Amino acid sequence: MKQRAERVVVAMSGGVDSSVAAALLVRAGYDVVGMMMRLWSDPAQGGAAHNRCCTPTQMSDARRIADQLGIPFYALDTQDVFRDVVVQAFIDGHRSGDTPNPCLECNRRIRFEWLMQHALALDADYLATGHYARLARGPRGEWLLKRGVDHNKDQSYVLSVLGQTQLARVMFPVGDYPKARVRELAAELGLGVASRQDSQDLCFLGAGDYRDFLRLRAPDVMQPGPIVAASGEVLGEHGGLANYTIGQRKGLGLSHHEPLYVLATNPMRNALIVGTRDQLGRDFLRAKGVNWVSGAPPDSRFRAQVKIRYRAQPQPADIVITSADSFETRFDEPQRDITPGQAAVVYADDTCLGGGRIARFAGET
């Protein structure tokens, strides 16, 4: 009796990465199914706007690629769950004074939970995506999450929320290739998306930006308040804490004898804390809500590298585990943009160990 080919559901977007991922899996002999999520977009942002991850053109391209590859294609209405989970978490994060990264929650709750459940309901063995990351086995047989070969495109940062259950069921077919080679493969395979630009910015904002979105959907986070020097002196008034990020210099509207930067925000006082360049940066952070990819940290204290933003470079640091879901980090050098709400993601060379949400200091709440 002939054994059936393993079934892989590919999360398609109409872009080059997921299209090449699907094509590579078909070429490898898997039973491939294409699946695309129709995500929520704010209808008030630019009129009849569409989520930037699933415009009608992208949906049409994904369906065309699936037809070209000879695989089934399904579109899933994910709008309600995406709005209730990802968009609401984005709003709630700003209400608490944080600067959240919606991609983390999307990967945690939508792509590798909600979509994976739908994939498994189709009797799939795996869910594949176009992420630039790799998988390997550790010394005890555990799954390791590795950085993509192309470090400029590496997406392990936003995949740090995954654990062993998910990694046992996922595939990242393009993670072993540089982005330039993925585009070449798309052209060689005749997929017609080789020159498609990568998506940018927050996908659900339509034609607007996050400030416009928050003014409409959460006007309470855009209330004016004091701009305060680190010394406590009130220097002016801000237009809403959500308008500012740590390290920002421009747009403060202040006249001062030397440049001032955003050092922190204090949501309890609705205050924006500013200071000089010499005052900018810290060598310490606390992370909460931590996920360890292997299920546990490597030790109670260890050396590692830590990324504090998606585009940041990993920096050497000492890690101290403080509870089951928290750790503290002491960097070798001060880091300028440690921002509450972003993720602190821990690496051992090319292996992503896990990460957690950067928490506020007591004086910032």
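The model is predicted: local features need pLDDT of at least 70, side-chain atom pairs count only at pLDDT 80 or more, and totals for chains, interfaces and linings use all residues. Residues are numbered from 1 along each chain as its sequence is written, and side-chain values use heavy atoms, without hydrogens and water.

**Aromatic pairs**
- The structure holds 5 aromatic pairs (Phe, Tyr or Trp six-membered ring centres within 6.5 Å; planes under 30 degrees apart are stacked, over 60 edge-to-face, the rest tilted).
- Phenylalanine 90 and phenylalanine 213 form a tilted pair, 6.1 Å centre to centre with 55 degrees between the planes.
- Phenylalanine 90 sits in helix α3 (residues 79–95) and phenylalanine 213 in helix α7 (residues 210–217), 123 residues apart (helices are DSSP runs of H or I, at least four residues; strands are E, at least two).
- Both phenylalanine 90 and phenylalanine 213 are buried (buried is under 20% relative accessible area, exposed over 50%, partly exposed in between; 1.4 Å probe, protein chains only).
- Ring pairs join Trp40, Phe90 and Phe213 in a cluster.

**Helix crossing**
- The axes of α1 (residues 16–27) and α6 (residues 179–188) come within 9 Å and cross at roughly 65 degrees (axes are lines fitted to C-alpha atoms over the stretch in contact; angles run from 0 to 180 degrees between N-to-C directions).
- Val16, Asp17 and Val20 of α1 meet Lys179, Val182, Arg183, Leu185 and Ala186 of α6 (contact is heavy atoms within 4.5 Å).

**Histidine 238**
- Histidine 238 lies in strand β9 (residues 234–238).
- Histidine 238 is buried, at 2% relative accessible area.
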